[in-house]
Structures are given as C-alpha cells and as structure tokens.
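Here are my notes on the model you sent over. Have it open while you read.

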Amino acid sequence: MASTSQPLRGKRACKKIFWAVFPHACFILSLVIYAFLGAFMFSHIEGNRKVNSSEEYRKFLQNLWYISRNLSDNMTENEEMFKQKIHKLLSEAERDWFVNPKEKWTFFGSLFFCCTVFTTVGYGNTYPVTRTGKYLCMLYALCGIPLMFLVLTDMGDILATVLSKSYNEFRKLQSKILASKLCSGSTCNKEVELKRRAQSKVVISEPLTIMEVLRSQPGVKRKPIKYHNAEIFEMLIARENEHTKLTRNKSIERWSSCPELARGKTMSRVIENFDKIGKQLEKLDVPIVLMVLVIFVYISCAAAILPHWETRLDFQEAFYFCFITLTTIGFGDTQLEHPKFFLFFSLYIIIGMEIVFIAFKLGQDRLIGLYKKVISFCGEKKMPSKKIYPK
C-alpha cells in the first residue's frame with residue numbers, strides 16, 4: 001500500500017503545481033502568440049505594399065538635380081545659398097520615399113513594431129503607412145494593451161512576493177545581527193526570554209493528548225482520581241477521529257470514481273487563482289528607495305550589455321534608451337541598427353516594465369498617504385477650538 005500511495009501523492013503534487021502555474025503561463029503564452037500573429041499580419045500588409053512614385057517625389061528629384069547642376073566648381077562663393085536650398089529641400093522630403101517596405105517590414109521588424117505597440121512605447125521610427133495597416137494597428141492596440149497590462153499585473157504579483165519575502169528575510173537577518181552585537185553570550189536576558197518563548201511555542205504546537213494536558217495542570221497532580229473519566233473521554237475522541245478518517249477515505253473514493261466532480265474541484269481552484277491576481281501587489285510594503293536602487297541596477301546592467309551589438313551607443317546613451325523604453329515614453333530619438341537582436345531582449349523589457357510598474361505603485365501609495373497627512377494636518381489647523389461657556 002505504501003508503494004502505491006507514493007506515486008499517487010507525487011501525481012497529485014504535480015497536478016497542484018500545474019494548476020497553480022497554469023494561469024501565469026496562460027497569460028504569457030497568449031501574449032507571445034498575439035505578438036507573432038501581429039508580426040505575420042503587419043509584415044504581409046505593410047511589407048507587400050506597392051511603392052508608387054508620387055508627384056511630390058518627382059518634384060523633389062527635379063529640384064535636387066537642378067541644384068546639383070547649377071552648383072559651380074568654386075563652392076565657397078555660393079556655400080550659404082547652397083546650404084539654404086538643400087535644407088529647404090530636405091525638410092520637405094518624406095522618409096518613406098527612401099525606404100524599401102520589404103526590408104523594413106520583415107518578420108523581426110514587424111515583431112519589434114508589435115512589441116512597441118502593446119507595450120505603449122511607440123518609438124515612431126516604424127509606423128504603418130497604408131490605410132488598412134492603420135486601422136488594424138488601432139484594433140491591435142485595443143486588444144494588446146489590456147493583455148499586456150494583465151501580464152504586467154500577474155507577473156508583478158510574483159515579483160512583489162519575491163521582493164517582500166527577500167526584504168523580510170533581510171530584516172530578520174539584520175535584527176539577528178544587531179541582537180548578537182547587543183547581547184553577550186549567556187548574560188543577555190532577552191536572549192534567554194526568546195529561547196523560553198520559542199520552547200513554549202514548540203510545546204504548544206505539538207499535539208498533546210487530553211490526559212497529558214490535564215496532568216500538566218497542578219490541580220490534576222493533586223487529584224488524579226477526580227479526572228479518571230478523562231480517559232473515557234479520550235477514547236471517545238479517538239473513535240470519533242477514526243470515524244472521520246473513514247468518511248474522508250470514502251469521499252476520496254467518490255472523487256476518484258466520479259471524474260466530473262474532480263474536474264469541478266480543479267476548475268474552482270483555477271478560478272480562485274485567477275481571482276487572486278493583483279492581491280499580492282496591493283500587499284507589497286517595500287521602501288521606495290530600495291525600488292529606485294533596483295531600477296538603477298537593472299538599467300545599468302542592460303546599458304553595459306547593449307553597446308556590444310549597438311556600436312553607436314555608449315553606456316550613457318544606452319542607459320538613456322533603456323530608461324525611455326521601460327518608462328514607455330519612447331521618444332524615438334535613439335534608433336537601433338539591429339532591432340532583431342533587441343527583440344531577444346524582450347523578456348528584459350517586460351520584467352523591467354514590471355519593476356517600474358511596482359515602483360510607480362509604491363510611489364502612488366506613498367503619495368496618497370502624504371496627501372492624507374497634509375489634508376488631516378490642514379483640517380486640524382482650520383478647525384475652530386471649542387469654547388467652554390459657564391453655565
């Protein structure tokens with residue numbers, strides 16, 4: 001029986017772990033599938049569009065040819081006039097005239113565009129030109145942005161749990177170190193009291209029989225015959241426990257014999273996991289200074305790695321680019337030469353946005369608390385003092 005029960009326990013534990021991880025994996029997998037579908041869609045629509053030479057483009061080429069033809073060999077005399085004409089001509093030019101859609105809207109380029117859409121970064125260097133692409137971009141953003149925020153909230157709970165537990169463990173370790181410094185061996189009375197409390201907790205936590213509890217009382221030691229009926233009472237409780245064990249085994253057999261009930265039970269657990277999304281993030285209580293330090297270290301690590309494939313960026317430019325990306329500002333002033341390499345860094349973007357999101361949530365809570373204190377302080381100042389009049 002023991003050999004058969006161990007595999008059953010292992011299977012049950014695996015099922016519990018699977019259904020606990022299922023909601024988180026479902027969100028991430030749906031976001032990945034959504035990004036790939038958008039990449040296929042935009043690469044087909046925008047990459048295969050026909051490039052028609054417009055009238056403005058023809059005028060641009062004619063003016064450029066005219067300026068280059070009238071340019072004399074002695075360029076120093078007409079340098080200022082030449083600069084003004086070229087500046088005016090280039091300011092009227094459009095960037096789409098010089099870009100090949102098939103080279104720009106590859107699968108990786110379209111995937112990079114989809115990531116900038118549902119993360120609300122929007123660099124501006126890649127955008128749809130066709131009318132169909134613009135309409136589909138609006139629909140894609142309406143569905144993708146809520147999905148991205150749901151993933152951020154879900155994974156934010158995991159990060160919040162990890163941060164809170166690590167911070168609490170750090171505080172416990174810090175308190176132990178301070179207690180060891182303040183106390184000196186056996187002369188510390190506080191340490192002795194803590195040991196006594198721990199021993200008392202261990203004794204309380206251990207399951208005791210009724211006779212042991214009664215015998216531990218001083219009145220029972222004096223009068224053991226008076227409490228002889230407690231043994232009968234203990235036997236009755238033992239029989240009741242055996243009866244409850246039998247009923248539990250019968251209920252387990254019913255669950256195993258009826259798979260519909262087992263499915264309903266597992267589905268209710270999965271629904272409970274979905275309902276718990278966002279609860280851990282609300283309970284997070286970590287100093288905002290620690291979160292700012294985590295963000296700084298996180299961005300600095302990426303800023304040290306990014307210049308290895310983006311040779312035009314140094315550490316400062318890469319730090320600026322990562323900050324603008326993770327805060328979803330996305331000016332677009334810093335462009336990437338190899339966006340497909342940065343796509344493999346997409347997990348970094350999602351986790352970084354979650355860390356920034358947690359920092360913004362903590363800052364919001366602190367700001368609300370500050371407003372409450374200011375309003376209560378101002379209310380106490382403006383409240384008129386009660387005057388006591390003689391009767």
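1. Start with Phe 342: leaving aside residues up to four places away in sequence, Phe 342 touches Phe 112, Leu 306, Trp 309, Phe 321, Leu 336 and Ile 349 (contact means heavy atoms within 4.5 Å). Keep in mind that this is a predicted model, where local features need pLDDT of at least 70, side-chain atom pairs count only at pLDDT 80 or more, and totals for chains, interfaces and linings use all residues. Residues are numbered from 1 along each chain as its sequence is written, and side-chain values use heavy atoms, with hydrogens and water left out.

2. Now Glu 310, which is in the loop between α13 and α14 (helices are DSSP runs of H or I, at least four residues, numbered from the N terminus). Glu 310 is buried yet has no salt bridge, and Arg 312, the nearest side chain of opposite charge, is 5.5 Å away. Buried here means under 20% relative accessible area with a 1.4 Å probe, protein chains only; a salt bridge needs a side-chain nitrogen of Lys or Arg within 4 Å of a carboxyl oxygen of Asp or Glu. Not counting residues up to four places away in sequence, Glu 310 touches Leu 336, Glu 337 and His 338.

3. On to the rings: the whole structure has 13 aromatic pairs (Phe, Tyr or six-membered Trp rings with centres within 6.5 Å; planes under 30 degrees apart are stacked, over 60 edge-to-face, the rest tilted). One of them, Phe 42 with Phe 113, is edge-to-face, at 5.1 Å centre to centre and 80° between the planes. Phe 42 lies in helix α1 and Phe 113 in helix α5, 71 residues apart.

Definitions and conventions: Helix = DSSP H or I, 4+ residues; strand = E, 2+ residues; numbered from the N terminus. Buried < 20%, exposed > 50% of the residue type's maximum accessible area, 1.4 Å probe, protein only. Lys, Arg positive; Asp, Glu negative; His and termini not counted.
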